[in-house]
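Welcome! Have the sequence and the 3D view ready, and follow along section by section.

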Amino acid sequence: MRSGDFKETYGELVALTDSRPVQAWSLALVAALVVAPYLLNSYALSFLTIILITAVGALGLNILTGYTGLISLGHVGFLVTGAYAYAVTVSKYGMPPVVGFLAAGIVPGLASLVVGAPSLRLKGLYLAITTLAFSFIINSVILEARPLTNGARGISVQRPEIFGVSFDSDAAFTHLCLGFAIATLFATLNIRRSRVGRAFVAIRDNDTAARVMGINLHAYKLFAFVTSAFITGIAGALYGIYLSFVSVEGFPFLLSIEALAILIVGGLGSALGAVLGTILIVLLPEATRLLLSLFSSQMDSLFSTGAQELKSMLYGLVIILFLRFQPRGLVGAWHDIRRLWVNWPLRY
Amino acid sequence: MIKYLATASLLLAGAYLSSGQAIAADPGITDSEILIGDVEPLTGPPALLGVAASLGHKIAIAEANAAGGINGRKIKYVLEDDGYVTARTIQDARKIIDVDKVFAMLGMSGSGQSIAVMPVLEKAGIPTVIDVAPVKFLWEPPRKNVFVVGQSYEEGIMHLVTYLADKNPGKKWGLMTQDDDYGITVRDGFDAIVKARKLNVVYSGNYKKGQQDFSSDMLQLKESGAEVFLAGGIIGENVAMMKELEKLGIKPVVGIFWPGRIEPVLKLMGPAGDGIFAVDYVEPFAGPAGKAFLEKAKGLLPETEMRGINRYTMTGYAAAKVLIAAIGRCGKEPTWACTIGELEKTRNVETGVMAPVSFGPGVRFSNQKLQIMQAEFSTLSFKPVN
Amino acid sequence: MLYLVQLLISGLAVGAIYGLIAMGFAVIYKSTGLVNFAQGEMTMITAYIAWTISTTVSGNVFVVAIGALLAAILLGLVIERLVMRPMLGEPVFATVMVTIGLAVILRSSINFIWDAYPHGLDLGVGRGILHLGGIGVRTGQIAVIAALLLLLAAVWGFFRYSKFGIAMRAVAADDRTALLMGISATRVHAIAWAASSVIAGIAGVFFAISYDLSPAMFQLGLKAFPATILGGLDAVLGSGLGGLLIGITENLAGGYLGSGMKEIAGFVMIIVVLMIRPFGIFGERDIERV
């Protein structure tokens, strides 16, 4: 336990962290991530890229569900809207990628106003199903708006070239995603520390009390929707670029459930939870595959059609067991470890 | 210290060199093995397509291995599951190419997935033969290392619609397609013949993927008075449509497309499915070629796997045979360049399950011959029509 | 006119299936306060078990029905005891996530234990077609509508008059007080899960008879969610009626507006309804204390 760390200026009060070790380790992590694309093989690099893109999306959902407590089952709708906004502006109309990314944020933001407005009076699961309904409606709108979106044909997307720097190679694209992920993380942490963030958390904890304290529920809920959709839209654009093809098919409903799983397994209500949850959920299928490959000789001789399903079953089982033993998620586990580290050999 | 280090590294290098790792120019070949990779959906509902295709590859590989392998090397099959999710197809393809380091690829999951994975395959330059979902994007423009065995969806539909138009002149037409890229190819093929033959289309419906209840759509079809109907669903959708038509008491002439041309579909449709037409480029299982193929499979696959066989097994088998033959023609030390060259030189290779396969300089598409079949409920099979 | 009636009947038939699954959702929510994301998968498993019974033991309707009923009860009890009981007292989100994990396991177990091919459930009944005044109806469709109405009446009576039904309502209202009154909350939860599984199983078997049995059947659960919301999460009767409403709306939209509108018609309707009544048509407003 540290003592004697006095804050003498407002700058120090508001800083994200004042601890030298934390700053040093964070810089080391960023440096490692910057160097990683040159050291990893293409397969591991694809995992890193997916983790970074998913982290951006998860942080977006975290603002809505983790901070403000509004459960959204339809976030994949914003993901696909962002992807299409980027694809249409860049591939169809030939605008520069920066405009594409802005559109990828703004268009879902506007869409979220449409989603958020009816949802203002709704709570809990009713809100969740309404967002689910909207994600299906958005899918239908995209499929019907053929002149703009090519309907079910989809739009093909190239890797972007921003300010003369080409992000065509895998390493460069991973750096782009890394940049977005770091920016999003900082944005999220800043929102959390600001007045807006405090209002969000108040709404989550007890919205009637928040109203009594003078927080304009409607305005802040809509703001949460817009911010969340903006960030998720950018994640969608990155995902579309990664797949090099944007279509409704590539953004199945499963992604919404996965995003929720990431937040809950990571620990609801914290940005760290969103990031840790992303790493776990994205790497889990690979981990189960490695586990099963230990038994590969038996598998080969067994070779039943359904043997592959064991991976998925293991996936579900890991989630259930994890939540059974650590319902506060990975963040809870991290806090336990930290407490253990600080207090050992004492219990508390 | 340095002495020890030098000795140790020399020993290690020696061990590595002598471990049988052939210092081949291209990956995937050792002194005793050739690796062939594939990515298919093995879990979830699309598994009946992916598993069947992988079975076809396995049959061809087992057949080749039983005959001594390719010039003395046994073939090892590296299969990954993508669960029909595009991002996973890309990841698994990268894994197979960079981590498992295979010599050649087969497959490649559904149409959307194979389109998405093209950049990865092109960049790697690995010889690839695609057999599961032949769509125009895969060979137009032709890519140096990617070969497609089969026939395009548009061509297939055009063949079927032309046949039905010839046999049913002057009748009213109805069409139902899925609202995704598969449905679009069906619609494109259909529209091409509608324009050419000036067909009278009275009903044109579009359903979202996953729809299971077609009562209102078939009612609209009945109201429109259509007499010939092209059912563009896959499996469950076609079954539901046929049963609705049976319930409504109308029996138009019906055509279905090959992704749903599997025998369990006939069982599900019941008598309502008797006499429906289908188009395909592989032999029907009820014919002599199909029966011979099943006999061959019985000897090479365990009993439990036999029930997973459907038309995709035949397409997989053919593609694998073509690939194995091409690698074989490259002699003792096959390379990627040689394999691609030999694939290009493929002329009239007999596979026993479809018309002979040929490619050519700049031609990466085998343009298989199509045949029309008709379903026979009493035998639960598709019989060729002539 | 005939067109409209035919659409209504088809809509009622498919809506009855949605309604049954929605009732299952509502029963669990009413008794435990949880949303069960694995409802569609439970429907699917019971239907597959019924199919296995019909192909291996006997194709007789009654044998299969009893067998499926027992299997459904067992499934519900096992899930409650093994998966949900340990999560008692944990935060709601974690418990809901556990049901999602359960859904993944159940879904993949279908391919593992059975296979990926679609099958037909042939019980010798339900396939026959009746032609009533120019409209075609399958006997299975009439049966499922009748089953829903019967179940609605039974559930209403159960919750109103039977001691156990009142106990369930008590646990739903406030489980601590119910415990003080001597009601065993765990027993109520177990019965709720078993009942929900049975209702879902009935829906699954009827769906398999009218359509087919395939690993994609779990998508029904997704369709039934809007039905529950429409009726009100804690209103079992309302959920059943909500299912019927969704089925009718879907078919009417498909019949008059075109097949593109069919899927989203139900969703649009619930958004409109929720704007007017935020807790569903029959749901009760949550009273929050500050």
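## Cis prolines and the ground rules

A:Pro345 sits in the segment after helix H16 (329–343) of chain A. Here helices (H or I, at least four residues) and strands (E, at least two) are DSSP runs, numbered from the N terminus. The peptide bond leading from A:Trp344 to A:Pro345 is cis, with omega near 0°. Chain B has a cis bond to show you as well: the one from B:Glu140 to B:Pro141, with omega near 10°. Look for B:Pro141 in the loop between strand E4 (128–130) and strand E5 (146–148) of chain B.

This is a predicted model, in which local features need pLDDT of at least 70 and side-chain atom pairs count only at pLDDT 80 or more, while totals for chains, interfaces and linings use all residues. Residues are numbered from 1 along each chain as its sequence is written, chains are lettered from A and ligands numbered from 1 in the order in which they are written, and side-chain values use heavy atoms, leaving out hydrogens and water.

## Chain A as a whole

Chain A folds into 16 helices and four strands. Its radius of gyration is 21 Å, close to the 20 Å that the globule rule gives for 348 residues, so chain A is as compact as a globular protein of that length. (The radius is taken over C-alpha atoms, and the rule is 2.2 Å times the number of residues to the power 0.38.)

Of the 348 residues of chain A, 53% count as buried. Buried means under 20% relative accessible area, exposed over 50%, and partly exposed in between (1.4 Å probe, protein chains only).

## A closer look at A:Thr49

Is A:Thr49 buried or exposed? With a relative accessible area of 3%, A:Thr49 is buried. You can find A:Thr49 in helix H3 (residues 42–67) of chain A.

Leaving aside residues up to four places away in sequence, A:Thr49 touches A:Phe173, A:Thr174, A:Cys177 and A:Tyr242; contact means heavy atoms within 4.5 Å. The side chains of A:Thr49 and A:Thr174 are also joined by a polar contact of 3.3 Å. That term stands for a pair of N or O atoms within 3.5 Å; within protein, one must be able to donate a hydrogen and the other to accept it, and residues adjacent in sequence count only if both atoms are side-chain atoms.

## Two serines with positive phi

A:Ser244 is not a glycine, yet it has a positive phi of about 55°. Its place is the loop between helix H11 (217–243) and strand E4 (245–246) of chain A.

In chain B, B:Ser109 has a positive phi of about 70°, although it is not a glycine. B:Ser109 lies in the loop between strand E3 (104–107) and helix H4 (111–124), and counts as buried at 0% relative accessibility.
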